[in-house]
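Trainee: Before I use any of the labels for this structure, I would like to hear what stands behind them. Please take them one at a time.

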Amino acid sequence: MTKIQMVEVGPRDGLQNESVLFTTSQKLEFIGRVVDAGARRVEAASFVNPKMVPQMADADAVAASLPRRDGVTFIGLVLNKRGALRALEAGMDELGAVCAASDGFAIRNQGMTSDASLAMCCEVVRLAREHSRPAQITISTAFGCPFDGEVDPFRVVEMARLAAASGPVEVAIADTIGVASPGEVAALVARVAAAIKPLPVRVHFHNTRNTGLANVWAAVQAGANIVDASLGGIGGCPFAPRATGNVPTEDVAYMLGRSGYQTGLNLDSLITSARWLAGVMGRDVPGMLSRAGVFPQQSEALIA
Ligand code: ZN
């Protein structure tokens, strides 16, 4: 069976975009639950300006109490060098540096041009290496920008090539605003994979236009073997109707598992925890497996 590694990004991308503020201990329970369900890489916090992102203001406290386990890597997301230094100081196992393929998004989200954001990412990879820690680079707005519109795939491929040259563990392409379609995903993943090989391609999708799972499938068929997802598919702020969450971890794991891929995740545990998450947030989560249940009932055999 082909292995697909799933990176749980709910504690960061999910919670960062939710209006419900989780306490530090709720975040740690969230992280502990996904680790218990088999997640081996977890994006646990982002080290960003707490004035901009109050949901992540306790990143250092979360980092200090992570449920450490052999073989589990906790990732700290950073948008600049200052954040990288904070994440290293906080003891994060891996840094996730983010750049943007479009100037409009890079300037608004990171206060720098697209080119400058890529240069920053490469510097973060070098900084991490000086501290003997791995780092990865994510290219956001790879399929479209909320401000600049269409993004040229050639630009993304060139950014991926330059990002790969700095020595990250992987390069990711992210559909930050959920506009991608499976055909575009297949084409871009194939081009990026060819440009950065032997480095792996990670993909990051939001289900904003209901193409999330189809995009994951297209990406995997095109050669991506690392997939970001958030438990329950959280991240859709109820006060921002156009913002929606990541692809749901349990739905992706079900789809891949039934299709013969190995994710190492336990569906029953994920479902139980997605329901716990819904309870904490006081509303249903977007993911559907926790409502419908697994098929067939004894899921253990499917996900081993
Ligand atoms: Zn995202």
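Mentor: Start with burial: buried means under 20% relative accessible area, exposed means over 50%, and partly exposed is in between, with a 1.4 Å probe and protein chains only. By that rule Asp-13 and His-206 are both buried. This is a predicted model, in which local features need pLDDT of at least 70 and side-chain atom pairs count only at pLDDT 80 or more, while totals for chains, interfaces and linings use all residues. Residues are numbered from 1 along each chain as its sequence is written, and side-chain values use heavy atoms, with hydrogens and water left out.

Trainee: What makes Asp-13, His-204 and His-206 donors of the zinc ion?

Mentor: Donors are N, O and S atoms within 2.8 Å of the metal (3.2 Å for Na, K and Ca). The OD of Asp-13 and the NE2 atoms of His-204 and His-206 lie 2.0 to 2.1 Å from the zinc ion, so they qualify. Water is not among the atoms, so sites may look incomplete. Along the chain the donors follow the spacing D-x190-H-x1-H.

Trainee: Why is the pair of Asp-13 and His-206 said to tie parts together?

Mentor: Asp-13 lies in helix α1 (residues 10–16) and His-206 in the loop between β8 (201–205) and α9 (212–221), so the pair links parts that are 193 residues apart in sequence. The element names come from DSSP runs, numbered from the N terminus: helices are H or I with at least four residues, strands are E with at least two.

Trainee: How do you know that Cys-122 is in no disulfide?

Mentor: A disulfide is a pair of cysteine sulfur atoms within 2.5 Å. A search of the whole structure finds zero disulfides. For Cys-122, the nearest cysteine sulfur is that of Cys-121, 6.8 Å away. The sulfur of Cys-145 is 13 Å from the closest cysteine sulfur, in Cys-99, which is too far for a bond.

Trainee: Why do Cys-122 and Cys-145 count as buried?

Mentor: Cys-122 has 12% relative accessibility, so it counts as buried. Cys-145, at 6%, therefore counts as buried too.

Trainee: Why is the pair of Phe-143 and Phe-205 called tilted?

Mentor: Rings of Phe, Tyr and Trp (its six-membered ring) pair if their centres lie within 6.5 Å; planes under 30 degrees apart count as stacked, over 60 as edge-to-face and the rest as tilted. By this rule there are four aromatic pairs. The ring centres of Phe-143 and Phe-205 are 6.2 Å apart and their planes are at 45°, so the pair is tilted. Phe-143 lies in the loop between β6 (135–140) and α7 (153–165), and Phe-205 in strand β8, so this pair ties together parts 62 residues apart in sequence. Phe-143 and Phe-205 are buried.

Trainee: What makes the charged end of Arg-108 sit over the ring of Phe-147?

Mentor: A charge sits over a ring if NZ of Lys or CZ of Arg is within 6 Å of the ring centre and within 35 degrees of the ring normal. The charged end of Arg-108 is 4.0 Å from the centre of the Phe-147 ring and counts as sitting over it.

Trainee: Which residues have the most contacts inside the largest nonpolar core?

Mentor: A nonpolar core is a set of buried Ala, Val, Leu, Ile, Met, Phe, Trp, Tyr and Cys residues joined through side-chain atoms within 4.5 Å. The largest one has 102 residues, and those with the most contacts inside it include Phe-30, Phe-47 and Phe-74. Contact means heavy atoms within 4.5 Å. Leaving aside neighbours within four places in sequence, Phe-47 is in contact with residues including Ala-59, Leu-77 and Met-92.

Trainee: Why do Ser-132 and Asn-210 count as exposed?

Mentor: Ser-132 has a relative accessible area of 68%, so it is exposed. Asn-210, with 65%, is therefore exposed as well. Ser-132 is in the loop between α6 (114–130) and β6, with a positive phi near 55°. Asn-210 is in the loop between β8 and α9, and its phi is near 65°.
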